[in-house]
Amino acid sequence: MNTKNISKMAALAAVAIIGFASCSSSDDTDTTIVNGSQAAVDQACANWRTARADWEQSEAFLFGAADEYSIDPHTDTWPVDAQALAGVLRDATVMSNLDNFIKTANSGILGYHGLEYVLFREGQPRNVSQITDLEYKYICAVAKDLYNATSTLEATWDPYESNAERKKIAQEYVATHFAIDDDGNQAGSLAGYTNFGKAFKTPGTGDWETALDATLEIIAGCQDIIGEVGGSKIGLPHTGEDPSYIESPYAYNSITDFYDNIVSCKNALYGSVGATAPNSSSLIYFCLNSNNATLTNQAKNVQTKLEAALSAINAMKKPFALYYADSSCKKAMDALDELDDALDDLSDTLDDYADNATVQAACQSINENYVDNVILKTYRNLANNAQALYNSIVKIKN
């Protein structure tokens, strides 16, 4: 679960729902409008949604690099700290050295939501006549940093180290960025560069002692995001505990985010990106065909609950930023709870086979497929589309 700059949320409750005014509206701030085209802004917004989908479809595996290198909070903290961002845009020293500033800035002004804040209003691309030169300069730097972060995810999960350019970016990222604490602030240096793809495939060389340990991590990663979507992303606003805790409120992308988070679980469990059925090297396929009635029935239950959760999220009243109190939210939360319970049962049963050589061998195959055909493919798509997003943002200015 990623850091979400919780200390700022209560003060931003109202504006998270209706959208912010320009963050550079102060009398003492340069409000020169960028010389750019609306078509370029529209394209940047379309590319943001594409890159955003890739990120949300990676959230079932936020362990490894996303956690170790604080990439999750660095790129995906919300709500945006509008007051802090306004201060950045008034600070001549910061604005003159943005690339270095962003490496250590509070995460509440960075990443997808820092970009979203400038690019969108009420679910639509922002009018280019409202975007200032300073905002343009800022989002160029944030988008470049986002591309570097996503390149780091790809490179550190690529067991074949097949992209030398992105490996170089990753090594520099790890050397120059910092860990992030619960308040979104710098908290010391990052750990050294690690190839998590190799470690996941090779039990005993990294965080996973056995093949089964790694396979159980697949389930745990799914449960982490299922719990976050139901209990926090939907639950905190819906219950009234924190109405400001709304993801992607400017693009009205919240429900798409939630849906894509559960798609990430489906991909992880079914063994491929865009999966419609379990492939022969996937966790669910193994359980369905294990000749073990308990595992087979539990896997079938996971499939049923997974589809029910996706359907319930898709049926939520849109946009969530306006309708977070609707009864459809509770139905989605309940469906997510049932999916989490189903995965609990499956995980508990598998855990009993730690000493079974046949199960360990099957897990080895599952894990190798998972790295190659789920994590690496997702992160490669993510980095490619983050690069396209950066290029489209640069083109906003004529």
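Predicted model: local features only at pLDDT ≥ 70, side-chain atom pairs only at ≥ 80, totals over all residues.
Residues are numbered from 1 along each chain as its sequence is written. Local features were required to have pLDDT of at least 70, and side-chain atom pairs were counted only at pLDDT 80 or more, whereas totals for chains, interfaces and linings use all residues; side-chain values use heavy atoms, without hydrogens and water.

Helix α12 (residues 211-239) and helix α13 (residues 254-270) have axes that come within 10 Å and cross at roughly 165 degrees (axes are lines fitted to C-alpha atoms over the stretch in contact, with angles from 0 to 180 degrees between N-to-C directions). The two helices are therefore roughly antiparallel (an angle over 145 degrees). In their contact (heavy atoms within 4.5 Å), I218, C222, I225, I226, V229, K233 and I234 of α12 meet F258, N261, I262, S264, C265, A268 and L269 of α13. These residues comprise eleven nonpolar, two polar and one charged (Ala, Val, Leu, Ile, Met, Phe, Trp, Tyr, Cys and Pro count as nonpolar, Asp, Glu, Lys and Arg as charged, and the others, Gly among them, as polar).

Helix α12 also packs against helix α18 (residues 357-394), at an angle of about 50 degrees and with the axes 8 Å apart.

Beyond its neighbours within four places in sequence, L350 contacts L212, L216, I219, L283, F286, C287 and L295.

Definitions and conventions. Helix = DSSP H or I, 4+ residues; strand = E, 2+ residues; numbered from the N terminus. Parallel < 35°, antiparallel > 145°, perpendicular 65-115°, else oblique.
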